[in-house]
Amino acid sequence: MKRKQGKHIGSFACYGYKKDPEDHNHLVVDEEAAEVVRDIFKWYISGTSMIAITLRINKAGIPCPSAYKRNKGLQYKNAFEKNYSAKWIDTTVKRILKNQMYVGDMIQGTMKIKSYNVQVAQRQDRK
């Protein structure tokens, strides 16, 4: 029901957003991270490759999204991340560029746990 109402139901907000302290089902812009997201889109639109964007962000010393969330005190774990590196990889940049949340679409329920005792996530088809 919350999804149909456009409310956020995830445990964590996408990089560039944070949960509203007044209403945890509402997302607000996290200005610090949002500036990085804006730069990623600006650089990509201007013709910079994803690898060049990744190198540029790492050179600036900006922590990757999962490290950023942990730095903010969140108990965040990422299945894609190996050994909790604070470095960006081009796959992370690609995921940001492809994520419809950044154009205003609330996309939820794309992953589903197979069973309560088998913690394997499966990608769901969008309808």
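A: Start with a definition: helices (H or I, at least four residues) and strands (E, at least two) are DSSP runs, numbered from the N terminus. This is a predicted model, where local features need pLDDT of at least 70, side-chain atom pairs count only at pLDDT 80 or more, and totals for chains, interfaces and linings use all residues. Residues are numbered from 1 along each chain as its sequence is written, and side-chain values use heavy atoms, with hydrogens and water left out.

Q: Where does Lys94 sit?
A: Lys94 belongs to helix 4 (residues 90–98).

Q: Is Lys94 buried, partly exposed or exposed?
A: Buried means under 20% relative accessible area, exposed over 50%, partly exposed in between (1.4 Å probe, protein chains only). Lys94 has 40% relative accessibility, so Lys94 counts as partly exposed.

Q: Which residues of helix 1 are buried?
A: In helix 1 (residues 31–45), they are Ala33, Ala34, Val36, Val37, Asp39, Ile40 and Trp43. Ile40 lies 54 residues from Lys94 in sequence, yet 9.6 Å from Lys94 in space, C-alpha to C-alpha.

Q: At what angle do helix 2 and helix 4 pack?
A: Axes are lines fitted to C-alpha atoms, for helices over the stretch in contact, and angles run from 0 to 180 degrees between N-to-C directions. Contact means heavy atoms within 4.5 Å. Helix 2 and helix 4 pack at about 110°, with axes 8 Å apart. Angles of 65 to 115 degrees count as roughly perpendicular, so helix 2 and helix 4 are roughly perpendicular to each other.

Q: Which residues make the contact?
A: Helix 2 supplies Met50, Ile51, Ile53 and Thr54; helix 4 supplies Asp90, Val93, Lys94 and Leu97.

Technical notes. The expected span of a helix is 1.5 Å times one less than its number of residues. Angles under 35 degrees count as roughly parallel, over 145 as roughly antiparallel, 65 to 115 as roughly perpendicular and the rest as oblique.
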